[in-house]
Amino acid sequence: MKSSIKYISLGLLSCLFFASCSEDFMDEKKNYDNVNVDIYNYFSGANGRLNDIYSWCLPNANVVEGQLWKSPSAGSADLQSKCTEEYSGFGAFVDPDMELSSMGSTNSVPDYFMNSGNNIQESVYGRIRNINDCIKGIQGGNLPQDEKDILLGQCYFFRAWCYYNLVKWYGGVPIVAEVQDPVESAITPRSSAHACINFILNDLDNAARMLASETMHGGWSGEDWGRVSTGTALALKGRVLLLWCSPILNRGNDQNRWTAAYSQMRAELDSIKACGYGLFSTGRNMNGSDFALQFCQTGRNPEAVFVTLYNNITGDGLDTQKNNDWERGIRPKNATGSGKNASAMIIDMFPMADGKRPATCDTYTLLETSDSIYDAEVPFVGRDPRFYRTFAFPGFRWAYSGDATQADAHNPSYNGGHDYILWNYVWYTDINDQGNVESGNSYGADNLLNNKQGVYVRKKSDDFDINSSVLYSWDATWKNGGFAFSGAPHIELRYAEVLLNLAEVACGAGQMGDAVGYLQQIRARAGYTAENDYGLQANLANDQAACMSAILYERQIELAYEGKRFDDLRRWMLFDGGTTLAEGAPASWKLTGWGGNTCAWMGFKPMNGQRRENMEFRVADKFGVGGTTYDSDPLLKAIPQTDRDAAAVDLRKELAPQTAILAAFYKENLVRKIRKGDARDAMHNDEYMKFLPKYYFLGFSSSGSSGNKSLPQTIGWQDYNNSGANGTFDPLAE
């Protein structure tokens with residue numbers, strides 16, 4: 001289906017040929033190799049060519065570590081998310097023992113600029129070339145103009161999407177708007193960040209205009225639902241405008257940017273709504289169930305502004321098979337999954353049930369602390385409703401549909417998963433390991449053994465208790481586990497983010513009252529009410545720094561494990577507050593807005609100098625140690641399993657009395673243990689996050705530079721083409 005084509009210097013010297021595979025928007029794939037221009041003279045042919053663009057450019061729920069250039073983070077423990085509060089383990093951008101280099105393969109800076117240069121469809125600029133080729137073909141075809149517009153609008157959106165993902169990393173990149181011949185003279189210089197932003201906004205305005213007649217009356221219908229729309233284009237436009245306003249590109253806090261962005265985004269919100277988008281709600285919200293249910297909707301989900309659709313077709317390499325691996329990735333091993341381990345830092349940061357930060361959280365110091373006492377030994381007591389849909393602790397029900405005993409007879413059945421309770425507490429085989437934060441010699445309950453996580457990420461789960469028509473085709477004998485065939489959609493841009501982006505530009509423009517109103521909408525869906533002003537403190541409408549801090553906090557909670565946090569930390573320069581400059585940076589890079597320190601201005605504790613630990617819950621000392629087998633649980637040797645399971649929490653019922661019972665069970669039987677998260681040195685001393693100022697704008701890797709010798713390197717990075725001299729390209733220069 002796919003040919004590997006020699007890629008000649010970036011797509012700035014792109015090859016003339018392409019081989020592509022296209023798919024019917026949902027599943028059926030057809031081969032459009034060696035495309036003849038005649039296909040652009042009939043709608044189905046041109047649409048098939050457009051579907052090829054979707055195939056290569058849609059965000060991927062299953063993006064892996066080495067392909068973050070191809071698709072943005074989806075919230076897994078990749079090198080970007082491991083630079084945030086969400087996971088421990090130093091991601092490459094915060095590793096204190098490794099400085100990223102642009103001079104060779106050792107410690108190489110990630111190549112988000114070119115990558116996969118031998119494959120024109122997968123490479124970054126190859127995809128842009130593919131889009132440009134499609135635009136040219138549609139424009140030159142004989143279709144009626146209204147049909148051309150429908151096709152071109154989608155093409156312009158994806159070109160803007162590709163460029164946005166470049167600009168957020170590099171600031172300024174070459175703008176290639178036409179198919180170029182593979183000749184040595186076809187060189188396009190790097191443009192400034194400003195020029196790139198304007199180019200992206202122009203493409204998005206074109207997309208919004210061209211798609212309006214088709215999508216502004218409730219959105220796409222039938223099997224076309226999920227295609228990008230006017231609302232999708234305007235929502236991405238909001239994200240781009242927000243980036244332009246943010247400190248990383250707006251060092252002087254130019255108020256005109258904020259005011260213009262807010263004026264545009266507020267005016268365009270009605271158009272986004274007209275495409276059928278809004279906050280997902282059933283009117284039957286129970287302990288954050290609406291927040292959870294939005295991620296497992298296959299129909300017209302108003303929350304899904306920019307979405308990648310999947311199916312649950314089973315098989316091995318079938319052409320029609322397109323499965324989402326997220327469910328398998330988060331489910332525990334004794335349910336045939338693997339599990340993702342949340343850091344203790346983010347668990348301890350989530351709001352309490354009154355909407356305020358725990359008193360022990362010293363990150364957002366301009367925000368009020370909760371009146372409720374946070375007991376770290378039982379972190380699940382009295383928290384924000386979204387907490388229970390983001391994390392899973394020992395003793396919480398997490399139902400599914402499938403018999404895990406088919407994979408391992410020792411796995412707990414729990415009525416075919418329908419009554420599954422997660423019990424991932426651990427025991428040790430040596431008493432000396434119980435207090436050792438570096439010891440991993442623990443074994444998890446219910447046959448988890450050494451395949452356990454301390455606290456599981458539950459976010460975006462297809463929970464049987466809220467969705468009895470599950471989206472996965474269960475097969476416990478499949479090599480990748482029972483959840484391997486999930487058809488759950490992957491939402492890259494939700495309506496909640498649209499409101500959060502709007503809240504942020506409103507605050508930046510000095511319209512804090514409007515910003516608070518958007519936050520209230522988000523919190524109302526989460527389960528808060530007007531009775532306590534949705535858990536928001538009273539001074540947000542007249543204190544800009546506190547309001548912005550509240551917005552960033554809300555983004556962290558609402559969008560946790562969706563791959564957005566690292567981008568937020570970078571654009572607000574929250575690793576060091578923007579107080580230090582990359583080597584060779586001009587004076588214009590100095591942060592003069594926000595008092596010269598974004599962290600100090602909003603009361604945010606800088607990420608640099610911190611470390612993330614993990615947590616687990618081990619059996620109390622009185623139970624002693626256990627063995628290495630499923631039946632050597634010292635807790636169950638002392639109390640009946642029925643008594644243990646009776647303490648479990650069911651999110652379908654009133655929460656407070658249940659969590660009180662489970663907390664009493666913990667106090668009697670379990671102990672919170674800190675487990676080493678981030679690395680220690682050879683002498684077992686703690687190490688701490690270290691994000692270098694040059695990482696705010698990435699440089700080209702050596703492979704990217706060698707393939708594009710005419711392009712200048714970014715300031716702060718060594719130029720591979722110039723004997724390691726400091727780069728000269730200034731993304732902020734006009």
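This note sets out points on the helix packing, the strands and several individual residues of a predicted model.

1. Helices H1 and H2. Helix H1 covers residues 43-57 and helix H2 covers residues 124-140; the two pack at an angle of about 165°, and their axes lie 10 Å apart. Because angles over 145 degrees count as roughly antiparallel, H1 is roughly antiparallel to H2. The crossing of H1 past H2 is left-handed. On the H1 side the contact involves Arg49, Leu50, Asp52, Ile53, Trp56 and Cys57, which meet Arg127, Asn130, Ile131, Asp133 and Cys134 of H2. Sorted by class, the contact of H1 with H2 comprises six nonpolar, one polar and four charged residues.

2. Ile39 is placed in the loop between strand S2 (29-31) and H1. The residue is buried, its relative accessible area being 8%, and a value under 20% is what defines that class. Leaving aside residues up to four places away in sequence, Ile39 touches Gly45, Ala46 and Arg49. Arg49 also belongs to the set of H1 residues that meet H2. Between the C-alpha atoms of Ile39 and Arg644, which are 605 residues apart along the chain, the separation is 65 Å.

3. Helices H3 and H4. Helix H3 (residues 145-170) packs with helix H4 (residues 193-215) at an angle of about 150°, and the axes are 8 Å apart. The two helices are therefore roughly antiparallel to each other, and H3 passes H4 in a left-handed crossing. From H3 the contact draws on Asp149, Ile150, Leu152, Gly153, Gln154, Tyr156, Phe157, Arg159, Ala160, Tyr163, Tyr164 and Val167; from H4 it draws on Cys196, Ile197, Phe199, Ile200, Asp203, Leu204, Asn206, Ala207, Met210, Leu211 and Glu214. By class, these residues of the H3 contact with H4 are 16 nonpolar, three polar and four charged.

4. Helices H12 and H13. An angle of about 25° is found between helix H12 (residues 512-526) and helix H13 (residues 544-558), whose axes are 11 Å apart. That angle makes H12 roughly parallel to H13. H12 passes H13 in a left-handed crossing. H12 contributes Met512, Ala515, Val516, Leu519, Ile522, Arg523 and Arg525 to the contact, and H13 contributes Gln544, Cys547, Ala550, Ile551, Glu554 and Glu558. The contact of H12 with H13 contains eight nonpolar, one polar and four charged residues.

5. Strands S3 and S10. In strand S3 (residues 304-308), five of the five residues are buried, so the strand is largely enclosed by the rest of the structure. S3 pairs with strand S10 (residues 490-494) in the antiparallel sense, over four bridges. Within this pairing, Phe306 stands opposite Leu493 of S10.

6. Strands S11 and S12. Strand S11 (residues 614-619) is mostly covered, six of its six residues being buried. S11 and strand S12 (residues 670-675) run antiparallel and are joined by six bridges. Val619 is the residue that stands opposite Leu670 in S12.

7. Glu327. This residue lies in helix H8 (residues 326-330). Is Glu327 buried or exposed? With a relative accessible area of 3%, Glu327 is buried. Excluding residues up to four places away in sequence, Glu327 touches Lys460, Ser461, Asp462, Tyr472 and Phe483. This charged residue thus has both Lys460 and Asp462 among its contacts.

8. Positive phi values. Most residues other than glycine have a negative phi. Asn415 has a positive phi of about 60° although it is not a glycine. Asn415 sits in the loop between strand S5 (396-397) and strand S6 (421-422), and it is exposed, with a relative accessible area of 53%. Tyr534, likewise a residue other than glycine, has a positive phi near 60°. The loop that holds Tyr534 is the one between H12 and H13, the helices that pack at about 25°.

How values were computed:
Residues numbered from 1 in each chain as written. Predicted model: local features only at pLDDT ≥ 70, side-chain atom pairs only at ≥ 80, totals over all residues. Heavy atoms only, no water. Buried < 20%, exposed > 50% of the residue type's maximum accessible area, 1.4 Å probe, protein only. Pairing = 2+ DSSP bridges. Axes fitted to C-alpha atoms, helices over the stretch in contact; angles between N-to-C directions. Parallel < 35°, antiparallel > 145°, perpendicular 65-115°, else oblique. Left-handed = near helix turned anticlockwise from the far one by under 90°. Contact = heavy atoms within 4.5 Å.
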